[in-house]
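Q: I have a new model open and would like to learn how to read it. Can we go through it feature by feature?

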Amino acid sequence: LTQKYKILFTSSHTSLITEICEVLTSFLQPFEWQFTYVPVLPYSVFGILDAPVPVLVGMHSSRVRPDFYSDPEKELVIADLDTNRIHIPSQCELIEIPNQIFKPLKADLKQYAKANKVQIYDKNTIQFV
C-alpha cells in the first residue's frame, strides 16, 4: 500500500472485499490513502485499472480477466482472497524486511491470528512457511 502500485482484491464475496480494503486502509493510520479507492469496482469503470496512477480496488472474482495477470503494463498486484494467493508482477519492487524485524513480526502474527502458518511472499506469489 505504501509503494504506490495498483492493488486489486478479488473474491466471490463482495462483503469480504470491502472489509479487507477498509482494514488495510485503517492500518495506514496516521496516514491516509491519497489515491483512487473503490472497495467494489463496478463493471462500468474497469478502465480505472488502466490509469497511470495507484489504485486500491476490489472486484468480484467472476469479473477478473486473464490479461489482468499477463499484461506487464498494468503493473497490477492481485490478491485473491478465495485462494489466499497474491500475484505480484515481476517489475514490481518489494521492500525487503530485515530478519531482525521479520522474525518477531512473524511470531506476533502467528500468535494473534492463532494460525499455524503465516504467509510470506516470493517474487510472484505468496507461499506458506
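Predicted model: local features only at pLDDT ≥ 70, side-chain atom pairs only at ≥ 80, totals over all residues.

Q: Which strand holds T10?
A: Strands here are DSSP E runs of at least two residues and helices are H or I runs of at least four, numbered from the N terminus. T10 sits in β1, residues 6-11.

Q: In what order do the strands line up in the sheet?
A: Two strands pair if DSSP finds at least two bridges between them. In this model 5 strands make an open sheet, ordered β2-β3-β1-β4-β5, with mixed pairing. β2 (36-38) and β5 are at the edges with a single partner strand each, so one side of each has no neighbour in the sheet. From one strand to the next, the twist averages 20 degrees; axes are lines fitted to C-alpha atoms, for helices over the stretch in contact, and angles run from 0 to 180 degrees between N-to-C directions.

Q: How many bridges join β1 to β4, and how many join β1 to β3?
A: β1 and β4 run parallel and are joined by 5 bridges. β1 and β3 also run parallel, with 5 bridges, and S11 has H60 as its bridge partner in β3. Further out, β2 pairs with β3 in the parallel sense over 3 bridges, where Y37 is partnered by L56 of β3.

Q: Is β1 enclosed or open, and why?
A: Look at burial: buried means under 20% relative accessible area, exposed over 50%, and partly exposed in between (1.4 Å probe, protein chains only). For β1, 6 of the 6 residues are buried, so the strand is largely enclosed by the rest of the structure. Both of its faces are covered, with K6, L8 and T10 buried on one side and I7, F9 and S11 on the other. Helix α1 (residues 14-27) lies across β1, β2 and β3, at about 145 degrees to β1.

Q: Which residues make up the largest nonpolar core?
A: In soluble globular proteins, nonpolar side chains tend to be buried together. A nonpolar core is a set of buried Ala, Val, Leu, Ile, Met, Phe, Trp, Tyr and Cys residues joined through side-chain atoms within 4.5 Å. The largest one here has 11 residues, among them L8, F46, V57, F68 and I78. β3 (55-60) and β4 (76-80) are the elements giving two or more residues to this core, and β3 gives the most, with 3. Another core, of 9 residues, lies apart from it and includes I7, F9, L28 and L81.

Q: Where is C92 found?
A: C92 is in the loop between β5 (85-87) and α3 (99-113). At 2% relative accessibility, C92 counts as buried.

Methods: Residues numbered from 1 in each chain as written. Heavy atoms only, no water. Contact = heavy atoms within 4.5 Å.
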